[in-house]
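Subject: Structure for your review

Dear colleague,

Please find below the structure that I am handing over to you. My findings follow directly after it.

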Amino acid sequence: MKIHLSLLSGILLSLSAYSQTYITHVTVVDVEKNKLLKSQTVEINKDRIISIQPSAKVNPDPWAKVIDGTGKFLLPGLTDAHVHFFQSGGIYTRPDCIDLQEYMPYAKEIKWTHDNYEDILTRYLASGITTVIDPGS
């Protein structure tokens, strides 16, 4: 009996360690070929994409996590290679262009930007931007 329990425990532990995810019926944006690949299944093992195939050709493993991507798009992370974190995009952030410091001091605007980095980065991520480069600051 102890052998059976040990064997069962070992199998269960190995299955939980096998982190397999399938995103099925998703439209993949192929940025290299400038095409939309409809009804694809993306197979992910742990943190790596290991295959992208038409959904009709894929049978997800029964123990894997399956995410229905119907009506959704999957694209590579985008890079915004020219951002300015010292500017929030607000009207008060360009005293070199239009000086409105009597209404909102530039230092206060900069502080707001630094205090809200998490929100700013979350908005980038929600837009598909996973990497940003600030060439100025």
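The protein chain exposes about 10,300 Å², and carbon and sulfur atoms supply 58% of that area. Please note that this is a predicted model. Of the 137 residues of the protein chain, 22% count as buried.

Overall architecture

The secondary structure comes to three helices and seven strands. Along the sequence these elements follow the pattern α-β-β-β-β-β-β-α-α-β. When contacts in the protein chain between residues at least 6 apart in sequence are considered, 56% of them join residues at least 24 apart.

Thr41 and its surroundings

Thr41 has its place in strand 2, which spans residues 35-45. With a relative accessible area of 2%, Thr41 is buried, because this value falls under the 20% cut-off. The side chain of Thr41 is joined to that of Ser55 by a polar contact of 2.8 Å. Leaving aside residues up to four places away in sequence, Thr41 touches Tyr22, Ile23, Thr24, His25, Ser51, Ile52, Gln53, Pro54, Ser55 and Val58.

Most residues other than glycine have a negative phi. His25, one of the residues that Thr41 touches, has a positive phi of about 55 degrees although it is not a glycine. His25 is found in strand 1, residues 20-30, and counts as partly exposed at 41% relative accessibility. Lys46 is likewise a residue other than glycine with a positive phi, here near 60 degrees. Lys46 lies in the loop between strand 2 and strand 3, the latter covering residues 48-54. At 58% relative accessibility, Lys46 counts as exposed, because the value is over 50%.

Salt bridges

Side chains of opposite charge can pair when their charged atoms come close. How many salt bridges does the count come to? The count comes to two.

- Lys111 forms a salt bridge with Asp115, with the closest N and O atoms 2.6 Å apart. Both residues belong to helix 2 (residues 106-115), and because they are four residues apart there, about one helical turn separates them.
- Asp119 forms a salt bridge with Arg123, with the closest N and O atoms 2.9 Å apart. These two residues are four apart in helix 3, so they too are separated by about one helical turn. Asp119 is partly exposed, with a relative accessible area of 35%, whereas Arg123 is exposed at 57%.

Tyr117

Helix 3, which covers residues 117-126, also contains Tyr117. At 25% relative accessibility, Tyr117 counts as partly exposed. Tyr117 and Phe85 are 32 residues apart along the chain, and their C-alpha atoms are separated by 8.3 Å.

A nonpolar surface patch

Which residues form a nonpolar patch on the surface? The patch is formed by Leu36, Phe73, Leu75 and Leu78, which together have about 380 Å² of accessible area. Of these, Leu78 lies in strand 6, residues 78-80.

Yours sincerely

Key:
Residues are numbered from 1 along each chain as its sequence is written. This is a predicted model: local features need pLDDT of at least 70, side-chain atom pairs count only at pLDDT 80 or more; totals for chains, interfaces and linings use all residues. Side-chain values use heavy atoms; hydrogens and water are left out. Buried means under 20% relative accessible area, exposed over 50%, partly exposed in between (1.4 Å probe, protein chains only). Patches are made of residues with over 30% relative accessible area and no salt bridge: like charges are joined within 9 Å, nonpolar side chains (Val, Leu, Ile, Met, Phe, Trp, Tyr) within 5 Å. Accessible areas come from the Shrake-Rupley method with a 1.4 Å probe; for residues, only the protein chains shown count as cover. A salt bridge is a side-chain nitrogen of Lys or Arg within 4 Å of a carboxyl oxygen of Asp or Glu. A polar contact is a pair of N or O atoms within 3.5 Å; within protein, one must be able to donate a hydrogen and the other to accept it, and residues adjacent in sequence count only if both atoms are side-chain atoms. Contact means heavy atoms within 4.5 Å.
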